[in-house]
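Biologist: Before I plan around this protein, could we go through its model together, one question at a time?

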Amino acid sequence: MAILVGPDTRVVCQGMTGRAGTFHAARMLSYGTKLVAGVTPGKGGRTHLDLPIFETVGEAVRETGANASIVFVPPLRAAAAILDAIAAEVPLVVCVTERIPVLDVVRVRQALANSKTQLIGPNSQGILAPGITQIGVMSTIDARRGRVGIVSRSASLTSEIVLQTTVAGLGQSTTIGVGGDPIHGIDLKTCVELFLDDPETDGVIVIGEIGGSEEEEVAALVKRIRP
């Protein structure tokens, strides 16, 4: 079983009518991701990639039953898009947008504190459960279903470790890119805890990055549970 996503994950794409949104939405559809709608303010009522476009995430959720969102919205409007998804009580939001103003992300974090939403990113590759769903921009070429969980702050190293675990015959249960920005949603420690509770994950690989204390928090967790 993957963590955070599964066969019942239904995704709405915020910013799907843009160039990046169109390209990666098509990739997700071709992988088998259950992408059910797009959201672009001002374009509601249209269709794109044969999917309906809505004005707000709330409308998309009511009409399609979406329970996850992927955000392909430019930096200055990305926080508003995430807040729209939080207001719609979407359980999982993945934001790949880079260079969102730090104060905007602080406001998003404040909204997350009293919400039902789990945020991956911003500046995230997304989440990939091989053979189940892919949400974001992560490469799927070398991914294979397996029992190793991967959580990473580094995009390039994620691709390398996915390849190595596949070549070793281990495969991946879920791969998560938490995002490279200093302030973001779900952290390394939380992801490790989710993997530890997953009966179909036998081991976890954590890929860190310079800056911050998330790696130390993971180390403290490991020391606490396996002294």
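Biologist: How many Å apart are the mean positions of the positive and negative charges of the protein chain?

Modeller: This is a predicted model, so what follows is computed from its atoms. The protein chain carries 20 positive and 23 negative charges.

Biologist: Which helices and strands make up the chain, in number, and what radius of gyration does the protein chain have?

Modeller: The protein chain holds seven helices and 12 strands. For its 227 residues the globule rule gives 17 Å, and the chain comes close to that value, so it is as compact as a globular protein of that length. The radius of gyration is 17 Å.

Biologist: What share of the contacts between residues at least 6 apart in sequence joins residues at least 24 apart?

Modeller: Buried residues account for 48% of the 227 in the protein chain. As for the contacts between residues at least 6 apart in sequence, the share that joins residues at least 24 apart is 71%.

Biologist: Where around helix α6 do its buried residues lie, and what covers them?

Modeller: Helix α6 runs over residues 188-196, and L188, C191, V192 and F195 are buried in it. These residues cover an arc of only 100° around the axis, which puts them on the same side of α6. An α-helix has 3.6 residues a turn, so residues three or four places apart point the same way. The cover over that buried side of α6 includes β10 (145-152), β11 (172-177), β12 (203-207) and α7 (214-225).

Key. Residues are numbered from 1 along each chain as its sequence is written. This is a predicted model: local features need pLDDT of at least 70, side-chain atom pairs count only at pLDDT 80 or more; totals for chains, interfaces and linings use all residues. Side-chain values use heavy atoms; hydrogens and water are left out. Helices (H or I, at least four residues) and strands (E, at least two) are DSSP runs, numbered from the N terminus. The radius of gyration is taken over C-alpha atoms; the globule rule is 2.2 Å times the number of residues to the power 0.38. Buried means under 20% relative accessible area, exposed over 50%, partly exposed in between (1.4 Å probe, protein chains only). Contact means heavy atoms within 4.5 Å. Lys and Arg count as positive and Asp and Glu as negative; His and the chain ends are not counted. The place of a charge is taken as NZ of Lys, CZ of Arg, CG of Asp or CD of Glu. The arc is that of the directions from the helix axis to the C-beta atoms.
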